[in-house]
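Subject: Structure handover

Hello,

I am passing on the structure we spoke about. Please look it over before reading the notes.

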Amino acid sequence: MAHRKLEPGKLVVASHNKGKIREINELLEPFGFEVVSAGDLDLPEPEETGVTFEENAALKAHAAAKASGYPSLADDSGFCVAALDGDPGVYSARWAGPDKDFAMAMRTVEEKLQSKGATDPEQRRSSFVAVLCLAWPDGHEEVFRGEVEGQVVWPPRGSQGFGYDPIFLPDGKDRTFGEMTSEEKHGGSKDTPALSHRSRAFRLFADGCL
């Protein structure tokens, strides 16, 4: 089925997460949209009641599109650890608590892995997942999912990224996401493979809707 194309103009990034907004803005920059965030518009943050990334991304995108009257792009993403049955997953932000203390959240991941005796690399498999939902005020939506595989490392390495980036080592790389620039995570250009979960989802979105 053909995707609906997004016409040039104002686009709302349905997020209040500064790190996420920065990365999405960088990805959108070449396409010439007038980008504003939900925070810029003082839109309330909807409660994320979904049990999948797709449900939460759609919830945020539709709330912003309805409130703003403009097409809205939402990201729901998370860190999934195989030995922890996929946790923290959709609850990745909640593990950081109300103060968004991701140092605490990363320690919690490591403590849970240690309690399971997961010390070898093959026992510490993990992935980042990102789902982008583009919603229009008329209720139409387009959804795209990106994933990247790797392993949990400890102690955290690097301060370039945000969230769980410092403990995620993507397959085939010798540096964590926390040690990479956002340009490296994005994959550079259309001629190079997208590396991060968000950039992989964005490539699908761009191919489908831009």
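Below are notes on a pair of helices, a lysine and a strand.

This is a predicted model, in which local features need pLDDT of at least 70 and side-chain atom pairs count only at pLDDT 80 or more, while totals for chains, interfaces and linings use all residues. Residues are numbered from 1 along each chain as its sequence is written, and side-chain values use heavy atoms, with hydrogens and water left out.

Helices and strands are DSSP runs numbered from the N terminus (helices: H or I, at least four residues; strands: E, at least two).

Helix α1 (residues 18-28) and helix α5 (residues 197-209) have axes that come within 11 Å and cross at roughly 40 degrees. Axes here are lines fitted to C-alpha atoms, for helices over the stretch in contact, and angles run from 0 to 180 degrees between N-to-C directions.

Lysine 20 lies in helix α1. Lysine 20 is buried, with a relative accessible area of 10%; buried means under 20% relative accessible area, exposed over 50% and partly exposed in between (1.4 Å probe, protein chains only). Leaving aside neighbours within four places in sequence, lysine 20 is in contact (heavy atoms within 4.5 Å) with Ser15, Lys60, Asp75, Ser77, Phe162 and Arg198.

Strand β3 (residues 72-81) has ten of its ten residues buried, so β3 is largely enclosed by the rest of the structure. Ten bridges join β3 to strand β4 (residues 125-135), and the two run antiparallel; strands pair if DSSP finds at least two bridges between them. Phenylalanine 79 has phenylalanine 128 as its bridge partner in β4.

Regards
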